[in-house]
Amino acid sequence: MNRNEILKPFAEKLGISIDDLISKKRNHHLTDARKIICNDLRKKGLTLHEIGFILKKDHTTVIYNIRAYKDYYQFNPKFKKLANKTNE
């Protein structure tokens, strides 16, 4: 699978373009989406390097996003609602 095939379902559910997901932009809604994508892809068994390659990010950024996901999901109702959208 290529990058676009992997990101397309996330982009559609979250209402964000694939170009924005892999961009260097750091807008709040984009960083939240990347946290969700990193967490979901990791649960599907992808390695940190594979996820980083897909999102054009360093593997350490992927690690941060996966760790941050847990706190955001627990304490941020808006983030939790957005995260639950990808599981529908």
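The model is a predicted one, so please read every value as computed from it. Helix 5 and helix 6 (residues 77–85) cross at roughly 110°, while helix 3 (residues 28–43) meets helix 6 at roughly 50°. A search of the whole structure turns up two salt bridges.

**Helix 5 with helix 6**

- The axes of these two helices, helix 5 and helix 6, come within 6 Å of each other.
- With a crossing angle of roughly 110°, helix 5 and helix 6 are therefore roughly perpendicular.
- The handedness of the crossing between helix 5 and helix 6 is left-handed.
- On the helix 5 side, the contact involves Tyr69, Tyr72, Tyr73 and Phe75; helix 6 supplies Pro77, Phe79, Lys80, Ala83 and Asn84.
- Sorted by class, the contact of helix 5 with helix 6 holds seven nonpolar residues, one polar and one charged.

**Helix 3 with helix 6**

- Here the axes of helix 3 and helix 6 come within 10 Å.
- Crossing at roughly 50°, helix 3 and helix 6 are therefore oblique to each other.
- Helix 3 passes helix 6 with right-handed geometry.
- Asp32, Lys35 and Ile36 of helix 3 make the contact with Phe79, Leu82 and Ala83 of helix 6.
- The contact of helix 3 with helix 6 comprises four nonpolar residues, two charged and no polar.

**Salt bridges**

- Side chains of opposite charge can pair when their charged atoms come close.
- Glutamate 12 pairs with lysine 8, with 4.0 Å between the closest N and O atoms.
- Both residues sit in helix 1 (residues 3–14), four residues apart, so about one helical turn separates glutamate 12 from lysine 8.
- Glutamate 12 is exposed, at 56% relative accessible area, and lysine 8 is partly exposed at 48%.
- The other bridge joins aspartate 20 to lysine 25, whose closest N and O atoms are 3.0 Å apart.
- Aspartate 20 is partly exposed, with a relative accessible area of 24%, and lysine 25 is also partly exposed, at 43%.

**A backbone angle to look at**

- Most residues other than glycine have a negative phi.
- Lysine 56, a residue other than glycine, has a positive phi near 55°.
- You will find lysine 56 in the loop between helix 4 (48–55) and helix 5 (59–75).

How values were computed: Residues numbered from 1 in each chain as written. Predicted model: local features only at pLDDT ≥ 70, side-chain atom pairs only at ≥ 80, totals over all residues. Heavy atoms only, no water. Salt bridge = Lys/Arg side-chain N within 4 Å of Asp/Glu carboxyl O. Buried < 20%, exposed > 50% of the residue type's maximum accessible area, 1.4 Å probe, protein only. Axes fitted to C-alpha atoms, helices over the stretch in contact; angles between N-to-C directions. Parallel < 35°, antiparallel > 145°, perpendicular 65-115°, else oblique. Left-handed = near helix turned anticlockwise from the far one by under 90°. Contact = heavy atoms within 4.5 Å. Nonpolar A, V, L, I, M, F, W, Y, C, P; charged D, E, K, R; others polar.
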